[in-house]
Amino acid sequence: MKKAVRILFIVRIALWITAAAATFYWIYWSFKLYAMGIYDPYEYSGYLRPIFGRGLLIAFVSLCISVLLRCISDRIKRR
C-alpha cells in the first residue's frame, strides 16, 4: 500500500513538471517572438497560437491526471 502511494506521488510530480515545462515553453516562445522583431499582433498571434494551444492543453491534461491520481492515492490511504 505504501509503495503504491509513493509511486503515485512520483508520477504526480512528473506530471507537475510536465505542466510547468509546457507553460515555460510557450512563455519562452512569446519572448523569442518579440526578440525576433515580431510586434504585429496578427502576425504574433499567428505564430504563438499553435504553441500556446499545445502548451495549455498539455498543462491542463497533466494537472487533471494529477488530480485524478491524488484521488486514487487518497482512496488507497483510507483503506
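Ser66 counts as buried, because its relative accessibility is 3%. Buried here means under 20% relative accessible area, exposed means over 50%, and partly exposed lies in between (1.4 Å probe, protein chains only). Ser66 sits in helix H2, which covers residues 41-78. Helices (H or I, at least four residues) and strands (E, at least two) are DSSP runs, numbered from the N terminus. With neighbours within four places in sequence set aside, Ser66 is in contact with Arg12, Leu15 and Trp16. Contact means heavy atoms within 4.5 Å.

The model is predicted: local features need pLDDT of at least 70, side-chain atom pairs count only at pLDDT 80 or more, and totals for chains, interfaces and linings use all residues. Residues are numbered from 1 along each chain as its sequence is written, and side-chain values use heavy atoms, with hydrogens and water left out.

The overall form of the chain was examined next. The chain has 2 helices and 0 strands. Its radius of gyration is 18 Å, well over the 12 Å that the globule rule gives for 79 residues, so the chain is more spread out than a compact globule. The radius is taken over C-alpha atoms, and the globule rule is 2.2 Å times the number of residues to the power 0.38. Along its principal axes, the C-alpha trace spans about 55 × 15 × 10 Å. Of the 79 residues in the chain, 23% are buried. The chain exposes about 6100 Å². Carbon and sulfur atoms supply 72% of that area. Accessible areas come from the Shrake-Rupley method with a 1.4 Å probe; for residues, only the protein chains shown count as cover. Contacts between residues at least 6 apart in sequence were also considered. Among these, 75% join residues at least 24 apart.

Ser73 is also found in helix H2. Ser73 counts as buried because its relative accessibility is 3%. Leaving aside neighbours within four places in sequence, Ser73 is in contact with Val5 and Leu8. Ser30 lies in helix H1. At 14% relative accessibility, Ser30 counts as buried. Ser30 touches Tyr44 and Leu48, again not counting residues up to four places away in sequence.

Ser30 and Arg75 are 45 residues apart in sequence and 41 Å apart in space, C-alpha to C-alpha. Ala4, in helix H1, is partly exposed, with a relative accessible area of 33%. Ala4 and Leu33 are 29 residues apart in sequence, and their C-alpha atoms are 44 Å apart. Arg78 lies in helix H2. Arg78 is exposed, because its relative accessible area is 68%. The C-alpha atoms of Arg78 and Leu48 are separated by 45 Å, with the two residues 30 apart along the chain.

Side chains of opposite charge can pair when their charged atoms come close. A salt bridge is a side-chain nitrogen of Lys or Arg within 4 Å of a carboxyl oxygen of Asp or Glu. By this rule the count is 1 salt bridge. The side chains of Asp74 and Arg70 form it, at 3.2 Å from N to O. Asp74 and Arg70 are separated by about one helical turn, because they are 4 residues apart in helix H2. Asp74 is partly exposed, with a relative accessible area of 23%. Arg70 also counts as partly exposed, at 41% relative accessibility.

A disulfide is a pair of cysteine sulfur atoms within 2.5 Å. By this rule the count is 0 disulfides. The sulfur of Cys64 is 11 Å from the closest cysteine sulfur, in Cys71, so the two are too far apart for a bond. Cys71 is accordingly in no disulfide. Cys64 counts as partly exposed, at 36% relative accessibility. Cys71 is partly exposed too, with a relative accessible area of 41%.

Phe9, Ile10, Ile13 and Ile17 make a nonpolar surface patch of about 390 Å². Patches are made of residues with over 30% relative accessible area and no salt bridge: like charges are joined within 9 Å, and nonpolar side chains (Val, Leu, Ile, Met, Phe, Trp, Tyr) within 5 Å. Phe9 is found in helix H1, which covers residues 2-35. Phe9 is partly exposed, with a relative accessible area of 45%.
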